[in-house]
Amino acid sequence: MEANQTAAYKAIEQAQLALKQGDKDTARQFAEQAAQFAPELEDVWVLMAALAVSPHVSVEYLNKALQINPQSQRAQKGMAWAQERLRKEQAQEALQVQPASAPVPVNVEPVPEP
């Protein structure tokens, strides 16, 4: 294993440890380091997808993992998870975008006095 891959795996381990401790920001930093060291590793992109702040970004990372290893069951399962999150997010956004029914204006004219 070359030095960059070794460094990447160490960064992945650190990211996983930070994630177990609930520190997603630190985990994301280590995952990004791993991606810089060895972008050819599927594990890097699966981890990046798990840490992504949006489902859309998760899908992008999982696409990279699947380009590296199209047979990866982890990446395929991750893709199904990310696409489900994306569908839910889009459905939620669609609900928020739809305007509420506008109140019907009522024309109240003064009643003439006799």
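**Helix packing around H3**

Colleague: H1 and H3 are therefore roughly parallel to each other. The model is predicted: local features need pLDDT of at least 70, side-chain atom pairs count only at pLDDT 80 or more, and totals for chains, interfaces and linings use all residues. Numbering starts from 1 along each chain as its sequence is written, and side-chain values use heavy atoms, without hydrogens and water. At what angle do the axes of H1 and H3 cross?

Modeller: Helices are DSSP runs (H or I, at least four residues), numbered from the N terminus. Axes are fitted to C-alpha atoms over the stretch in contact, with N-to-C angles from 0 to 180 degrees. Roughly parallel means under 35 degrees, roughly antiparallel over 145. H1 (residues 3-20) and H3 (residues 42-51) come within 11 Å, their axes crossing at roughly 25°.

Colleague: How many charged residues has the contact of H1 with H3?

Modeller: Contact means heavy atoms within 4.5 Å. Tyr 9, Ile 12, Ala 15 and Leu 19 in H1 meet Asp 43, Val 44, Leu 47 and Leu 51 in H3. Asp, Glu, Lys and Arg count as charged. Seven residues are nonpolar, none polar, and the charged count is one.

Colleague: Is H2 roughly parallel or antiparallel to H3?

Modeller: The axes of H2 (residues 24-37) and H3 come within 9 Å and cross at roughly 150°. That makes H2, relative to H3, roughly antiparallel.

Colleague: Which residue has its charged end over the ring of Trp 45?

Modeller: The rule wants NZ of Lys or CZ of Arg within 6 Å of the ring centre and within 35 degrees of the ring normal. Here the charged end is 4.4 Å from the ring centre, and the residue is Lys 64.

Terms used
Helix = DSSP H or I, 4+ residues; strand = E, 2+ residues; numbered from the N terminus. Parallel < 35°, antiparallel > 145°, perpendicular 65-115°, else oblique.
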